[in-house]
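Hi,

Here is the structure I said I would pass on. Have a look at it first, and my notes follow below.

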Amino acid sequence: MWTNFVNCLNMDGYGIFIVPSWLSAFIILSVLFIHTQRQLTKLRRRMARDQ
Amino acid sequence: MLCVFLALIRRDMAVVLRNGQLSSTLSFFIMVVVFFPLAIDPASLDLAAISPAIIWIGLFLAAQLPLERLLHDDYQDGSLALWSLTRAPLEVIATAKYAVAWLTASLPMIFAALASGMLVYQWPMDAILNNMLTILVGSLLLTLISLLTRCLTLGSRGGKGLIYLMSMPLSLPTLIFGAASLRTHTPTDLNTSIDTETTTALILLSLLLLATLIPMLWASTLALRNAISHQ
Amino acid sequence: MTMPHTPARKKTASPAASLWHWFTPTYFRAVSGRVTPIALVLLLVTLPTGLAYAFFLSPPDYLQGETVRIMYIHVPSAWLALALYGAIAVASGITLTLKLPMAGHFATAASPVGACFTAIALISGSLWGKPTWGTYWVWDARLTSMLVLFFFYLAHSAMTQAFKQQERGQQAASILAIVGALNLPIIKWSVEWWHTLHQPESISFINPSSHIDISMLIPLGLMTVALFSYATIVITARMKLAILQQKWQSLLYQKTRNRS
């Protein structure tokens, strides 16, 4: 069980393909989420200021 | 209705001819086609083999140019909205713009493409009819796609990048079938199947035009109506 | 008409008119308040268990070894990318015919999410392709149409933001979405035809769904649910954003009108 995970991280083996694919997915999805939330708060603040 | 159609065509032709846009589109295309072989080592490559790619890229890029002045400028100064108030429906106006764009930009380009294919890329002489038909149908399709993207982006803040981003994927089937149906080599005894392949591609390209002509004109009209109503 | 949202002043309310009230921003606010917590709970349950199955509990594949673990992110994001494009096309049809504003907001909100899923599918697919087929990229029909889908998503989301009036952008983008949806099968077919013409080098595609084991199906399903819940949360938030943008635009418009 634990060896499965260690094998995935093995950068001399297939880890060099597995780690970047998962990492890029998490980075893309979290950037989209943070971007959305930041735009929402920015717009809300601007609307509150102008009213 | 026909009266408005003809009047619009006559007026747009006059505008294009007076601006010297005819020669600018044509020289752009010729520049693309002639620059490619200069950038490639001519001894190392079979130029005829890559000529379809060059010709189609040139046609694709040049097809984006004419409608900028025909549609965008008319939209900005409000004359498009005035034309839409005439008795003619908007479909007729869109078709007239399409006709003028094709007549002034693509029709001269067909001959330029054929001439450069013969002179620069050594296309066989007996394939001239096939290649002319191919470029004719393909340029009709490319102008159609350009019409839609221009109608969609009328009055947009996005620059030219948006237009190319949209028209590139839409033109992909045209480029594929068009490249496949250009005959660039004389068929030898070894590959006689080339003839039937190019003919099949030409038939598929023509079918694509027949299938998309009316829907694309309709979608362009829809986009045009939407653009005018939000002006 | 027993629907609570049907106003009394409209005596002859057509079905389309009463449907309209189910797709108003007010109704959306009530629904999204309920949907977001459910999706959040689902995400918090399925993401850790899915990751645990993907990396710890599922065995390596007998053919592909450990690289099969890329599948658990690649396949769900590809599914979602395609499903979201279908949903956008349907919403675009509604925008053009029934002119429901929430349909336009949905398409606006979903296209960046779909673009991200397509990007993930492309990146993880090419990273999966290198150890299994020996190359990062082939101009195969499936890969090419996925790349084209990415371009369509980019163009669509750029379109929704390219105009001063939000409604204009949404209408233009919906025309593009429908044309793109009709165009994608033609692209896929034309690339396939092009390849049969040229007989590409023999790359055998290992079909992951051919004989799939239950130990692989569990993480696949869990990750699909996790990504679906993520998409629901972000799309709901972005729909809120689109509604606020519309409000902001009309506020600005009123201000400039009062000033002049």
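Lys99(C) sits in the loop between α3 and α4 of chain C; helices here are DSSP runs of H or I with at least four residues, strands are runs of E with at least two, and both are numbered from the N terminus. Its phi is positive, about 60°, although Lys99(C) is not a glycine. For background, most residues other than glycine have a negative phi. Lys99(C) is partly exposed, with 13 other C-beta atoms within 10 Å. On that scale, a residue is buried with 20 or more other C-beta atoms within 10 Å of its own, exposed with 12 or fewer, and partly exposed in between, with C-beta atoms placed from the backbone.

Chain B has a case of this kind too: Gln122(B), not a glycine either, has a positive phi near 55°. You'll find Gln122(B) in the loop between α6 (90-119) and α7 (128-152) of chain B, and it is partly exposed, with 15 other C-beta atoms within 10 Å.

Before you read too much into any of this, note that it is a predicted model: local features need pLDDT of at least 70 and side-chain atom pairs count only at pLDDT 80 or more, while totals for chains, interfaces and linings use all residues. Residues are numbered from 1 along each chain as its sequence is written, and chains are lettered from A and ligands numbered from 1 in the order in which they are written.

Back to chain C. It has seven helices and zero strands, and 43% of its 260 residues are buried. Of the contacts in chain C with a separation of 6 or more, 77% are between residues 24 or more positions apart; a contact means that two C-beta atoms, placed from the backbone, lie within 7 Å.

Have a look at α2 (25-57) of chain C as well, which bends by about 30° at Ser32(C). The bend is the angle between axes fitted to the seven residues ending at a position and the seven starting there. Ser32(C) is also one of the buried residues of α2(C), which include Phe28(C), Leu43(C), Tyr53(C) and Phe55(C). What do the buried residues of α2(C) pack against? The partners are α3 (71-97), α4 (101-133) and α7 (214-259) of chain C, plus α1 of chain A.

That brings in the interfaces. Between chains A and C, 25 residues of chain A are in contact with 32 of chain C. On the chain A side, α1 (2-9) and α2 (15-50) each supply at least two residues, and α2(A) has the largest share with 19. That side has 16 nonpolar, seven polar and two charged residues, where Ala, Val, Leu, Ile, Met, Phe, Trp, Tyr, Cys and Pro count as nonpolar, Asp, Glu, Lys and Arg as charged, and the others, Gly among them, as polar.

Chain C also meets chain B, through 23 residues of chain C and 24 of chain B. Here α5 (141-160) and α6 (166-198) of chain C give two or more residues each, with α6(C) giving the most, 13. The chain C side divides into 18 nonpolar, four polar and one charged.

Last, a helix pair in chain B: the axes of α2 (21-39) and α3 (47-63) come within 9 Å and cross at roughly 155°, so α2(B) is roughly antiparallel to α3(B) (over 145 degrees; axes are lines fitted to C-alpha atoms over the stretch in contact, with angles from 0 to 180 degrees between N-to-C directions). Their contact has 12 nonpolar, two polar and no charged residues.

Cheers

Note on methods: Angles under 35 degrees count as roughly parallel, over 145 as roughly antiparallel, 65 to 115 as roughly perpendicular and the rest as oblique.
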